[in-house]
Amino acid sequence: MTFGPTIIRLTVTTLLLATATFAAAQKKAAPPQDKTQTQAPAPAVVEEKPTPYDQRLIRLAEVLGSVHYLRNLCVKEPEDVWRRSMQELIDKETVNEEKRRERMTAAFNRGYRTFASVYTTCTQPAIVAEQRYRAEGATLASEIVARFGN
């Protein structure tokens with residue numbers, strides 16, 4: 001049984017739709033300061049809001065990194081679907097939460113590097129690993145949406 005990119009995109013999209021909506025902060029250009037003025041205080045640090053599904057989300061990020069590496073190892077033309085899906089997830093889930101963003105990015109990179117250190121060519125075990133990780137990712141996304149979605 002093969003999970004195509006459409007199924008995974010649908011699963012990731014479902015996850016993205018189920019997550020909390022955050023308002024995107026608009027960046028305004030600061031007017032040039034006069035040297036005689038005192039420096040304005042640093043912007044307020046946004047308090048991180050841990051979610052009950054953060055551990056599952058971190059695992060999903062790691063799985064997406066693994067799948068991204070393995071898919072590109074075994075296809076003729078490299079694809080960027082998995083990395084872009086991860087970037088969308090990070091952008092939606094970690095607005096103004098730098099530590100969460102760093103943790104999710106690190107998890108994606110860890111998944112990528114783990115398989116990069118093991119597989120340098122596409123082999124049957126690499127294909128099986130990619131299939132299993134895609135299945136795990138689909139399961140994780142479904143569980144997150146079913147348990148924590150609105």
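This report covers the fold, the nonpolar cores, the aromatic pairs and the disulfide of a predicted model.

**Basis and confidence**

In this predicted model, local features need pLDDT of at least 70 and side-chain atom pairs count only at pLDDT 80 or more, while totals for chains, interfaces and linings use all residues. Residues are numbered from 1 along each chain as its sequence is written, and side-chain values use heavy atoms, with hydrogens and water left out.

pLDDT is the predictor's confidence in each residue, from 0 to 100. The protein chain averages 76, and 67% of the residues score at least 70. Over residues 1-32 the pLDDT is below 50. That stretch still has 38 contacts in the model beyond near neighbours in sequence; contact means heavy atoms within 4.5 Å. Where pLDDT is low, the predicted coordinates should not be read in detail.

**Fold**

The protein chain has five helices and zero strands. Its pattern along the sequence is α-α-α-α-α. Helices (H or I, at least four residues) and strands (E, at least two) are DSSP runs, numbered from the N terminus.

Among contacts between residues at least 6 apart in sequence, 80% join residues at least 24 apart. Buried residues make up 34% of the 150 residues in the protein chain. Buried means under 20% relative accessible area, exposed over 50%, and partly exposed in between, with a 1.4 Å probe and protein chains only.

Helix 5 has 25 residues. From first C-alpha to last it reaches 36 Å, close to the 36 Å expected at 1.5 Å a residue. The expected span is 1.5 Å times one less than the number of residues. A141 is buried, at 1% relative accessible area. A141 and L57 are 84 residues apart in sequence, yet 8.3 Å apart in space, C-alpha to C-alpha.

**Nonpolar cores**

A nonpolar core is a set of buried Ala, Val, Leu, Ile, Met, Phe, Trp, Tyr and Cys residues joined through side-chain atoms within 4.5 Å. The largest one has 17 residues. Those with the most contacts inside it are L57, L60, L64, M86, L89 and M104. Helix 2, helix 3 (81-93), helix 4 and helix 5 each supply at least two residues of this core. Helix 2 gives the most, with seven residues. Another core, of six residues, lies apart from it; Y69, L70, F115 and A129 are among its members.

L64 is found in helix 2. It is buried, at 4% relative accessibility. Leaving aside neighbours within four places in sequence, L64 is in contact with W82, M86 and F108. L64 and Y112 are 48 residues apart in sequence and 8.1 Å apart in space, C-alpha to C-alpha. M86 touches A61, L64, M104 and F108, again not counting residues up to four places away.

**Aromatic pairs**

A search of the whole structure finds four aromatic pairs. Rings of Phe, Tyr and Trp (its six-membered ring) pair if their centres lie within 6.5 Å; planes under 30 degrees apart count as stacked, over 60 as edge-to-face and the rest as tilted. Two of the pairs are tabulated here.

| Pair | Centre distance | Plane angle | Class |
|---|---|---|---|
| Y69 and Y112 | 5.1 Å | 80 degrees | edge-to-face |
| F115 and Y133 | 5.1 Å | 85 degrees | edge-to-face |

Y69 lies in helix 2 and Y112 in helix 4, so the pair ties together parts that are 43 residues apart in sequence. Y69 is buried at 12% relative accessibility, whereas Y112 is partly exposed at 32%. F115 lies in helix 4 and Y133 in helix 5, so this pair ties together parts 18 residues apart in sequence. F115 is buried, at 9% relative accessible area. Ring pairs link F115, Y119 and Y133 into a cluster.

**Disulfide**

The structure holds one disulfide, defined as a pair of cysteine sulfur atoms within 2.5 Å. It joins C74 to C122, S to S 2.1 Å. The torsion about the S-S bond is about 105 degrees, so the disulfide is right-handed. C74 lies in helix 2 (residues 54-74) and C122 in the loop between helix 4 (98-116) and helix 5 (124-148), so the pair ties together parts that are 48 residues apart in sequence. Both ends are partly exposed: C74 at 31% and C122 at 35%.
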